[in-house]
Amino acid sequence: MPVAGDVIVEQTITPVSGRSRVFQAHYKITHLGSDLHGNAQQEFPAVYVTADYDRFVHYGGTAPWTNGAVSITTFPDLPTFSPIFFAPEHWAAHVNAQNMGLTVYVPSQYPYVGGFDYPGPSGPTGDGTNYFAPFVTLTIGPNFVFQGDYYLIARDYVTARQLVYELHKNLSAPDIFTPFGATDQPASGNTIGVMATVSGWTFDDVSVAKVEILVDGVVDGTASYGSSRPDVAGTFPHAPVNIGFSYSLDTTKYSNGAHSLNVRVTDSSGNIAVFPDVGVTVGN
Ligand SMILES: [Ca+2]
């Protein structure tokens, strides 16, 4: 039974001129609704291949675009996910024992990728699969329109990487993704007093312009940004360090009872992330 959605997804796949087995995928996503879907990881794209293509290839070093040695690994079986891998050349591949497979290049993604294996029979009818996705985030609010490109290369990964290098030289990578991060305190369900600290961390694929604190959807003020959070790199390798934010919220102007807090982060290109709601009780 079909269900009416409030998002239009338009997809165009175009062979890249003069390059065999290289395809450009263009997406336009239009949100017709007036609701707000808080900042979340999105699949742009979700990459699935059959079970034989279980060798995951990426470049994880700190000198991108220098033909540095790649890493080849296999992912754990579900329900376990791989760790988040650093991938500063913005491509990754799943290949078979002959190094043939699918390479995906997402010029505007964060330098992260991860995935899993799902065990099962291989071949066109087997349900065994290997998955990865580039790390990207979006906040889908009223009148949200998103457009972006990625590239699919169905070849051996060595040739595919050289094609990615050629694309990289000739493409711009517009800043299309929002900042991401987390609100660490207060936690949902907390009761907060007269002065409450709202804190967490955030960074962007380009740069963070401002961090605002919203109460019941209205801006209360701008947080200070740039305190040291070396712990984030434990999950997101090579994440910048000075990415903490903090804000002293004076709750006396709000009524006692339930309120919703949000952190809103704008990047230097105007992309806006609204972190998920933190429901608190003001108890003064
Ligand atoms: Ca951005």
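Seven strands, written 7 in the assignment, form an open sheet in the order β1-β2-β13-β9-β8-β5-β6, with antiparallel pairing. The structure is a predicted model. The domain assignment divides the chain into domain 1 (7–170) and domain 2 (180–282).

**The open sheet**

- β1 (7–15) and β6 (71–73) stand at the edges of this sheet with a single partner strand each, so one side of each is left without a neighbour in the sheet.
- From one strand to the next, the twist averages 20°.
- Strand β5 (residues 55–58) is paired with β6 in the antiparallel sense, over 3 bridges.
- Within β6, isoleucine 72 is the residue that stands opposite valine 57.
- Strands of a sheet pair through backbone hydrogen bonds, in either a parallel or an antiparallel sense.

**The helix across the sheet**

- Helix α1 (residues 157–170) lies across β2 (22–31), β5, β8 (91–95), β9 (100–105) and β13 (145–156).
- Relative to β13, helix α1 runs at about 145°.

**Histidine 26**

- Histidine 26 has its place in strand β2.
- There are 13 other C-beta atoms within 10 Å of histidine 26. A residue counts as exposed at 12 or fewer and as buried at 20 or more, so histidine 26 is classed as partly exposed.
- Leaving aside residues up to four places away in sequence, histidine 26 touches Thr12 and Asp149.
- Histidine 26 and threonine 12 are 14 residues apart along the chain, and their C-alpha atoms are separated by 5.1 Å.

**Between the two domains**

- The centres of domain 1 and domain 2, taken over C-alpha atoms, are separated by 30 Å.
- Contacts between the domains involve 11 residues of domain 1 and 12 residues of domain 2.
- On the side of domain 1 that touches domain 2, β3 (37–42) and β12 (136–140) each supply at least two residues.
- That side of domain 1 comprises 5 nonpolar and 6 polar residues, and no charged residues.

**Strand β21 and its partners**

- Strand β21 (residues 257–267) runs antiparallel to strand β17 (residues 208–215), and 7 bridges join the two. Asparagine 262 in β21 is the bridge partner of leucine 214.
- β21 also pairs with strand β23 (residues 278–282) in the antiparallel sense, over 5 bridges. Two positions illustrate this pairing: histidine 259 has valine 280 of β23 as its bridge partner, and glycine 257 stands opposite valine 282 in β23.
- Strand β22 (residues 272–274) is joined to β21 by 3 bridges, and these strands run antiparallel. The bridge partner of threonine 266 is isoleucine 272 in β22.
- The hairpin of β21 and β22 has 4 residues between the strands, and in this hairpin glycine 270 takes a positive phi near 90°.

**Strand β23**

- β23 has a covered face made up of Val278, Val280 and Val282. Its uncovered face consists of Gly279 and Thr281.
- Strand β15 (residues 191–192) pairs with β23 in the parallel sense, over 2 bridges.
- Isoleucine 192 has valine 282 of β23 as its bridge partner. Valine 282, a residue of the covered face, also stands opposite glycine 257.

Terms used: Residues numbered from 1 in each chain as written. Predicted model: local features only at pLDDT ≥ 70, side-chain atom pairs only at ≥ 80, totals over all residues. Domains from an automatic or database assignment. Contact = placed C-beta atoms within 7 Å. Nonpolar A, V, L, I, M, F, W, Y, C, P; charged D, E, K, R; others polar. Pairing = 2+ DSSP bridges. Axes fitted to C-alpha atoms, helices over the stretch in contact; angles between N-to-C directions.
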